[in-house]
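Hi,

Here is the structure I promised to pass on. My notes on its charged side-chain pairs follow below.

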Amino acid sequence: MASHSDTLVVFFGATAGANGGKLGSDEREIILLVWQIVDLHEKKVGKLQRCLVKPDTLELTDQCKEETGLTLDEVVKAEPLDKVLQQFQQSVSSELKCLGRSTYTLCVNSPLVIRQALHPEASKKNLVLPECFFSFVDVRKEFHKCCPNAGPVQKLELPSMLEYVGLPAVSEQLMGVREVSSMVQLTLCILAEPYNHKFSSVETVKYKFDSGTCSKTEPVDSETVIRARGLPWQSSDQDIARFFKGLSIAKGGVALCLNAQGRRNGEALVRFVNSEHRDLALERHKHHMGSRYIEVYKATGEEFLKIAGGTSNEVAQFLSKENQVIIRMRGLPFTATPQEVLSFLGPESPVTDGAEGLLFVKYPDGRPTGDAFVLFSCEEYAQNALKKHKQILGKRYIELFRSTAAEVQQVLNRYMSTPLISTLPPSPIVPVPVLATPPFLPAASSTRDCVRLRGLPYTAGIEDILEFMGEHTVDIKPHGVHMVLNQQGRPSGDAFIQMKSSDKAFMVAQKCHKKTMKDRYVEVFQCSTEEMSIVLMGGTLNRSGLSPPPCKLPCLSPPTAYAAFPTPPAILSEAALYQPPLLAAPRPPQTTTHSPAHTLAYYPPHPHLYMNMNMNYTAYYPSPPVSPSTVSYFAAPPGAVAAAVAAQPHPAAAASPVLPQHGALVRMQGLPYNTGVKDILSFFQGYQVSTCCTEAWI
């Protein structure tokens with residue numbers, strides 16, 4: 001600390017390119033160092049030292065030649081940076097010994113020479129800087145403490161500061177000598193009466209980047225965040241911290257961005273400790289990391305939290321261990337166990353705390369994704385693990401690469417926010433009209449303001465669920481608890497709860513997940529109203545999303561009614577062609593008011609109980625053996641109803657011709673090139689195929 005130091009070493013540097021306020025912005029190497037010692041107790045000064053530095057790239061810009069007065073011949077004869085730094089240490093130590101002093105602190109006119117020039121260059125050349133270059137005082141900030149009316153710190157210049165305290169400007173013409181002499185005069189002035197100033201505002205440079213976690217609720221100032229683009233895909237948070245060497249990155253402030261496939265896209269969001277360091281980082285736009293130049297732009301705190309923020313207790317516990325090296329494993333067999341992963345890594349790569357140092361990434365429904373994160377206590381163990389890259393575990397090759405705490409958060413956030421149910425692609429034809437959303441279900445919405453409870457005890461009631469929710473009960477919408485029954489009308493162990501907002505649903509999913517109810521742990525997942533409605537209307541969850549029920553499903557209602565879930569508004573003003581799913585306590589059918597010509601069975605709702613009959617819109621018509629993800633198909637209404645609908649005039653028919661409405665329209669993919677009409681008709685043997693569709697195939 002300067003307040004405890006005996007001396008100040010006034011320090012100045014210049015590069016082979018831009019200097020002054022743009023020092024270090026063009027990646028040019030240092031070619032000049034000047035320093036002089038000031039005894040804080042005796043108010044004495046030492047000998048002024050000036051050393052030239054030989055850069056690796058022997059080239060000086062015209063601006064540099066004009067400002068410094070140096071020529072390339074002079075620079076070529078100088079020593080390289082590491083030798084000059086040794087001379088600096090020897091010279092300062094010798095003078096301190098003569099003065100009878102033992103400690104010193106660097107004093108600069110701007111942090112640029114330390115943060116933007118010296119540390120980045122030393123990092124690229126793999127030089128270990130002396131400890132004295134990791135702390136310094138800025139004479140402008142110290143002067144501003146003494147003379148707050150002199151103007152803002154950023155606009156203070158040495159001539160103006162000397163003029164403010166009544167000192168003449170230094171007449172020396174040689175660059176470096178002029179600046180150091182001016183700083184020495186200014187320092188001696190504010191040390192004396194009437195200021196009696198003590199240098200106490202010491203700035204520090206971090207030795208290394210500190211990894212850590214960031215909560216989604218943590219406030220992040222947008223003036224401290226940048227986006228780096230063009231990074232090598234294998235770069236880690238430590239590599240990015242090295243690129244910004246000299247600047248202070250906040251703990252856990254490096255977030256590598258991933259693409260839709262979960263792979264790094266060459267971008268990262270970096271959060272600095274303050275706006276001053278962020279502004280200095282922006283000056284490194286198009287600086288190089290190896291042979292690649294990196295683009296640096298402004299970003300927002302919201303963008304950073306979206307990538308790096310998380311509230312999962314499981315992740316927080318996993319990342320709570322300090323100074324760990326994180327390795328990501330990708331492509332694991334879905335059946336892989338912790339013991340199999342540990343055996344794969346081997347004894348030469350011991351995982352921190354064994355199985356506790358493994359974090360398997362899973363979907364919201366508990367299915368494995370094939371990804372995992374592993375903690376190692378040192379770099380050696382991590383390097384041994386990386387040698388296993390693309391080796392075989394089971395029947396799969398495994399990818400291993402370095403990861404970060406922010407990437408752990410991002411990957412977990414991405415998979416945990418994956419929709420519980422995949423939706424079908426939009427139909428290319430005009431949909432068959434259906435009844436509006438039944439009154440017992442909320443309007444379909446993609447807002448994730450609901451939670452799904454899975455694994456409830458079969459004896460659990462609504463009161464048990466409310467007790468399980470605890471303090472979050474107040475955030476449940478009125479009549480927002482929906483318990484699902486199985487085909488036999490018994491509790492299925494599932495329930496859906498509507499919350500007042502998506503934030504409330506998110507907090508419930510985080511706080512209540514795997515809490516215990518009657519000796520059973522209950523899984524809690526966030527979902528949307530649309531997903532809840534689909535499940536309550538008969539959809540089922542599996543690896544392919546919604547699956548049609550068995551073709552031989554027994555008829556559960558009059559033959560003129562068909563099951564369906566809500567679709568976009570119908571374009572025809574005809575009665576609904578489908579019935580809602582069977583409820584736990586159906587009442588006698590009522591006549592719909594949409595059309596007096598047709599009477600459809602309708603079951604009014606029971607407040608909270610739903611029978612999941614595994615029904616969807618193809619419940620009563622067998623579907624061809626194709627994937628729901630590549631098919632758009634619609635259940636056909638009975639012939640009489642369809643004829644009545646077709647007979648009604650449609651106002652938009654003349655304006656926009658559409659495909660005729662048939663019983664079912666199926667798209668086939670992957671057919672052999674020599675497939676003919678007879679082959680297709682043979683494939684659909686047992687189904688009634690429309691004549692016009694056959695003609696269309698021809």
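**Salt bridges**

The structure holds 31 salt bridges, each being a side-chain nitrogen of Lys or Arg within 4 Å of a carboxyl oxygen of Asp or Glu. Before the details: this is a predicted model, so local features need pLDDT of at least 70, side-chain atom pairs count only at pLDDT 80 or more, and totals for chains, interfaces and linings use all residues. Residues are numbered from 1 along each chain as its sequence is written, and side-chain values use heavy atoms, with hydrogens and water left out.

One of the pairs is Arg271 with Glu218, whose closest N and O atoms are 2.9 Å apart. Arg271 sits in strand 10 (residues 264-272) and Glu218 in the loop between strand 7 (203-204) and strand 8 (225-229), so this bridge ties together parts 53 residues apart in sequence. Helices (H or I, at least four residues) and strands (E, at least two) are DSSP runs, numbered from the N terminus. Arg271 is buried at 14% relative accessibility, while Glu218 is partly exposed at 29%. Buried means under 20% relative accessible area, exposed over 50%, and partly exposed in between (1.4 Å probe, protein chains only).

Then there's Glu379 with Arg402, at 2.0 Å between the closest N and O atoms.

Cheers
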